[in-house]
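Have the structure open as you read.

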Amino acid sequence: MRFTQLSTLLTATLMTAGVQAADQPPLTADGVENATITFGMPAWTSTEAPTAIAEQILEEAGYNVEKTLLAQPAIFQGMQAKQIDFFMDAWLPYTEQALWREYQDDLQKVATSYENVPLGWVVPAYVEEETIGDLEGKADKFDGQIVTIGAGAGIVDLSEQVMADEDYDLDGYQLAYTSEAAMMGVIRDKMPNEEPFIITGWRPHSMFSQYDLKFLEDTEGHFKYDNVYVLSYQGIEDKYPRAYDIMSRWSINVDDLEAMMAAYENDNVSFEDSAAAWIKDNRKHVDEMLGY
């Protein structure tokens with residue numbers, strides 16, 4: 001496995017130049033393409049964990065696997081150009097609705113990873129506020145910030161809609177565009193002294209297994225429960241039929257992912273090691289994916 005790291009600009013440049021995906025490689029005697037499967041992956045632990053499992057399953061089937069680190073919009077562009085083969089963490093139909101509308105003619109849902117997962121604005125359980133509306137007039141209490149991840153992600157787009165919603169009076173607040181690591185830093189800094197804060201959050205995430213947190217109720221309905229899908233481009237079932245067949249049987253429990261994330265953050269257990277352990281513990285499911 002090789003881990004490549006490309007910028008959004010580089011991807012856009014390659015696509016503009018008209019770089020084409022490689023021709024379908026020949027089949028081996030075992031019927032598995034002698035090919036490299038590329039996963040698109042933003043710097044999110046919710047994506048790293050399932051991608052690590054899928055990587056090892058496909059390697060067991062005989063594939064080479066690469067992971068390309070990209071911002072989420074660039075991953076959709078990469079799948080459209082058939083430079084990215086799979087993305088493990090697409091939140092639909094709501095959170096990433098705009099991206100899906102733009103690219104849905106060229107992409108497809110390969111499998112459902114898990115269903116009905118929440119996302120939204122998260123606060124520590126010790127604050128009294130229960131809804132986003134309760135934040136009105138309290139910007140000083142929360143340092144005037146909703147700390148979120150990088151611009152372009154679905155949860156960020158929805159947060160921008162919340163900020164613009166006239167039914168919420170969020171005067172004095174602003175979105176702080178940072179990273180998942182920075183949000184976790186806010187939690188670690190603020191919670192020991194029971195200081196208030198607001199971050200964007202979602203499940204699966206280790207924050208909910210490590211800390212006592214709660215979602216603020218969004219009474220205006222911007223944040224809705226989603227399903228999480230594995231995506232690819234139209235035609236991958238013809239280009240890489242074995243890989244497509246394997247990935248079409250994929251699913252995982254949210255609690256399993258959160259346990260992997262917590263082990264990574266608390267005990268420095270690599271996602272590669274926890275993926276191997278998950279495969280061992282779920283051998284029957286993995287064998288079904290592999291068609292054994």
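Predicted model: local features only at pLDDT ≥ 70, side-chain atom pairs only at ≥ 80, totals over all residues.

Arg203 sits in the loop between β9 and α7, while Asp255 belongs to helix α10, so the pair ties together parts that are 52 residues apart in sequence. How exposed are the two partners? Arg203 has 26% relative accessibility, so it counts as partly exposed. Asp255 is partly exposed too, with a relative accessible area of 48%.

Take Glu55 and Lys67, whose side chains meet at 3.2 Å, N to O. They link distant parts of the chain, with Glu55 in helix α2 and Lys67 in strand β3 (residues 64–69), twelve residues apart. Are these two buried or exposed? Both Glu55 and Lys67 are buried.

Then there's Arg249, which forms a salt bridge with Asp245, the closest N and O atoms being 2.9 Å apart. Arg249 is partly exposed at 35% relative accessibility, and Asp245 is partly exposed with a relative accessible area of 31%. Elsewhere, salt bridges with shared partners join Glu128, Glu129, Lys138 and Lys141 into one network.

UniProt, in an unreviewed entry, places a "coiled-coil region" at residues 247–274. In the model, that span is 68% helix and 0% strand, and its end C-alpha atoms lie 19 Å apart.

Helix α10 (254–267) turns up again as part of the cover over the buried residues of α6. Which residues of helix α6 (residues 180–190) are buried? They are Glu180, Met183, Met184, Gly185, Val186, Ile187 and Lys190. Besides α10, their cover includes α2 (45–60), β7, β9 (199–202), α7 (207–210) and β10 (213–215).

Four bridges join β7 to strand β8 (residues 174–177), and the two run parallel. Ile146, for one, has Leu175 in β8 as its bridge partner. To get from β7 to β8, the chain passes through helix α5 (residues 154–164), and this β-α-β crossover is right-handed.

Now zoom out. The protein chain has twelve helices and eleven strands, and 51% of its 292 residues are buried. Among contacts between residues at least 6 apart in sequence, 80% join residues at least 24 apart. The accessible surface comes to about 13000 Å², with 44% of it belonging to carbon and sulfur atoms.

Note on methods:
Residues numbered from 1 in each chain as written. Heavy atoms only, no water. UniProt positions renumbered as here; feature names shortened; annotations may be inferred. Pairing = 2+ DSSP bridges. Right-handed = clockwise from strand over helix to strand, strands pointing away. Buried < 20%, exposed > 50% of the residue type's maximum accessible area, 1.4 Å probe, protein only. Contact = heavy atoms within 4.5 Å. Areas by Shrake-Rupley, 256 points an atom, 1.4 Å probe, with all protein chains shown as cover. Salt bridge = Lys/Arg side-chain N within 4 Å of Asp/Glu carboxyl O.
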